[in-house]
Amino acid sequence: MNKYKLFFTCAASLLFMSSCYDLDRFPEDQLSAGTFFQTQDHADQAMMGVYSQMTHDDVFGRQFGFDCLGGIASGYDAPSYPNIGRGTYTTTEGAVGNKFKQLYEGVTRANIILQNVDNCDMSDDLKSRYKAEARFMRGLYYFTLLDFWGGIPLYDEKTIVAEDFSNMLNPRSSAEDVRKFIIQDLDDAIAHLPAKWDDSNKGRATSGAAMALKGKVLLFNNQYQEAATCFESVVNSGEYALYSDYANLFKPGGDESSEMIFAIQNIGGVGTDFGMPTTFYMGNRASYGSCWNNVMAATDFVDSYEWSDGRPFNWDEVIPGFNASDDVKKETFYATLNDDFDKVVTYPAAKDKLLEMYGKRDPRMAASIILPYTTYKGWYSNAPMNTEYVITAKSGQTNEKNGFIRVNGNYEMYLWRKFVAEYDMDGAINNREDTPINFPLIRYADVLLMLAECYNQTDQQTKAVEKINQVRERVGMPGLNSGPEYLKATTKDEVFKRIRHERAVELAGEGHSFSDMKRWKLLESLDGQVKGFTGQFYYNRVVQERDYLWPIPNGEMEKNPNLKGDQNPGW
């Protein structure tokens with residue numbers, strides 16, 4: 001999608017100007033449907049406005065933050081959804097209302113394409129393709145609304161916002177009807193979208209992306225056989241493959257590989273800042289622009305990475321007494337700096353053990369996480385700075401100017417390496433809020449694991465394990481059922497536990513875990529204390545039954561009387 005990225009802003013601004021004037025009379029100094037939707041270039045620019053809505057913070061722009069609600073991450077401030085994670089949110093919660101509103105904005109932009117693209121001077125085949133793109137995106141936005149709220153009001157292209165804004169008072173459709181609507185959109189997208197685009201259009205929706213999303217919609221409704229058929233079509237298409245290098249999959253180059261079935265296209269650089277704030281909120285103070293580490297990797301999650309031979313990891317095997325004693329944890333991690341805080345006087349005695357242990361774990365851990373006493377390519381005073389993640393007993397001692405990673409808030413927690421800029425990315429990053437790394441919403445490993453889940457739920461455990469093992473093999477992890485008892489997975493429950501684990505370590509930082517835990521009915525298992533790796537308590541993760549569906553925002557209830565009395569359970 002590279003050639004179109006620069007049109008995002010202008011296209012977004014003109015979308016709501018369409019259909020504003022009647023009787024074919026259009027002001028000469030303003031854009032409208034009658035004056036704008038005339039050429040293929042116009043269609044392209046408007047279509048980019050539909051895509052651009054994905055980067056909004058309240059749509060998918062902070063998707064990684066949902067891992068704080070799914071047990072993969074922990075954090076603070078808005079990017080981590082703290083009120084939701086701590087159970088203090090209400091029907092007036094801003095994060096809830098804004099996501100609802102901005103997803104409908106995406107739906108409206110897609111509808112505007114469907115209303116007006118026939119006016120463009122181009123072939124019927126091209127018009128069908130643009131409509132299919134719009135339907136894919138509308139399906140994506142509606143599926144996200146369905147996932148978070150269940151049944152919601154449906155508005156299709158017959159609704160012209162500029163004319164009907166005050167009358168958009170539809171009641172909630174049932175979840176079943178919303179799902180049917182989404183499937184219809186995706187079937188049209190599958191039929192009319194190309195299998196691939198040329199390089200100048202890379203990143204736009206394809207028939208494979210629509211098929212994968214259809215499979216996900218069906219999977220989330222426990223329609224396992226139908227979902228498996230969709231995922232098998234994606235796998236057998238020959239269009240997609242696992243990228244050979246997991247760590248580089250989330251850096252420029254790998255982020256455009258054939259593993260990325262559908263990804264948000266992000267760019268950076270002077271005058272072309274348009275991306276997601278992954279570095280800003282997942283990075284640390286040593287990262288480009290000095291960042292905030294609002295979203296950090298959860299301690300329990302990092303401890304779940306297996307040994308490289310597939311054995312479950314246990315700290316007591318490395319440091320006897322670690323699990324039971326916070327004092328042992330602190331002794332394991334704390335170093336001492338000199339009085340100027342620019343040099344380590346004493347490393348912890350366990351440093352070499354830690355580094356040795358990291359090297360003997362699932363390689364995805366070191367690729368995704370900045371671990372204590374490992375290094376990170378930071379940026380300080382407009383120059384590269386190699387930094388080390390040193391932990392000290394006294395807060396505020398480490399600083400990037402002295403070659404150390406500085407953690408905002410002095411959290412003693414694991415930091416993200418995945419999706420975070422190294423140095424200045426060879427000049428590619430100009431703004432910490434616009435990280436030029438494409439962010440996957442659907443990638444091939446995800447599809448393989450969803451297909452494995454479908455097989456497992458239809459009592460095809462052997463086929464499920466085969467798909468799981470493809471994902472494990474990419475990083476050199478031993479296959480399930482390949483010998484030792486600890487690799488055994490033959491029953492439905494055993495295979496499900498492996499699917500849950502693989503989705504966690506493979507898709508960490510990509511924001512899938514909250515939706516996964518909801519659809520598996522496992523949210524309550526996340527209730528409890530959130531601690532750092534030294535045992536420091538930070539907050540309680542609070543889960544209630546009501547959290548499986550967010551409340552219809554209070555503001556929407558006030559605007560639409562047909563929503564009153566139809567709130568989600570527990571709200």
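**The largest pocket and its surroundings**

Mentor: Domain 1 (38-192 + 550-561) and domain 2 (278-422) each contribute at least three residues to the lining of the largest pocket; the domain bounds come from an automatic or database domain assignment. The model is predicted, so local features need pLDDT of at least 70 and side-chain atom pairs count only at pLDDT 80 or more, while totals for chains, interfaces and linings use all residues. Residues are numbered from 1 along each chain as its sequence is written, and side-chain values use heavy atoms, with hydrogens and water left out.

The volume of the largest pocket is about 1,000 Å³. On a 1 Å grid over the protein atoms alone, a pocket is an open set of points with protein on both sides within 12 Å along at least five of seven lines, a cavity is a set where a 1.4 Å probe fits but cannot get out, and lining residues have an atom within 4 Å of a point. Points are joined across faces, edges and corners, and a volume is the space filled by probe spheres set on them.

There are 50 residues in the lining of the largest pocket, and the closest to its centre are Gly71, Asp300, Phe301, Ser304 and Leu526. Two or more lining residues come from each of strand 1 (73-75), helix 13 (299-303), helix 15 (326-333), helix 20 (492-506), helix 21, strand 12 (528-531) and strand 13 (537-541). Helices (H or I, at least four residues) and strands (E, at least two) are DSSP runs numbered from the N terminus. Helix 20 gives the most to the lining of this pocket, namely 6 residues. By residue type, the lining of the largest pocket comprises 20 nonpolar, 16 polar and 14 charged residues. Here Ala, Val, Leu, Ile, Met, Phe, Trp, Tyr, Cys and Pro are nonpolar, Asp, Glu, Lys and Arg are charged, and the others, Gly among them, are polar.

Phe301, one of the residues closest to the centre of the pocket, also belongs to the largest nonpolar core, a set of 177 residues in which Phe136, Phe301 and Trp416 have the most contacts. Helix 7 gives the most to this core, with 13 residues, and the core draws at least three residues from each of domain 1 and domain 2. Such a core is a set of buried Ala, Val, Leu, Ile, Met, Phe, Trp, Tyr and Cys residues joined through side-chain atoms within 4.5 Å. In soluble globular proteins, nonpolar side chains tend to be buried together.

The largest cavity has a volume of about 260 Å³; 19 residues line it, with Phe60, Gln63, Phe143, Thr144 and Lys216 the closest to its centre. At least two lining residues come from each of helix 7 (124-149), helix 10 (207-220), strand 11 (439-443) and helix 21 (513-519). Helix 7 gives the most to this lining, with 5 residues. The lining of the largest cavity divides into 8 nonpolar, 5 polar and 6 charged residues.

Ile183 counts as buried because its relative accessibility is 15%, where buried means under 20% relative accessible area, exposed over 50% and partly exposed in between (1.4 Å probe, protein chains only). Leu213 lies 30 residues from Ile183 in sequence and 9.2 Å from it in space, C-alpha to C-alpha.

Finally, the strands. An open sheet of 3 strands has the order 5-4-9 with mixed pairing; strands pair if DSSP finds at least two bridges between them. Strand 4 (residues 334-337) runs parallel to strand 9 (residues 391-392), joined by 2 bridges, and Tyr334 stands opposite Ile391. Strand 4 pairs with strand 5 (residues 344-346) in the antiparallel sense over 2 bridges, with Thr346 as the bridge partner of Thr336.
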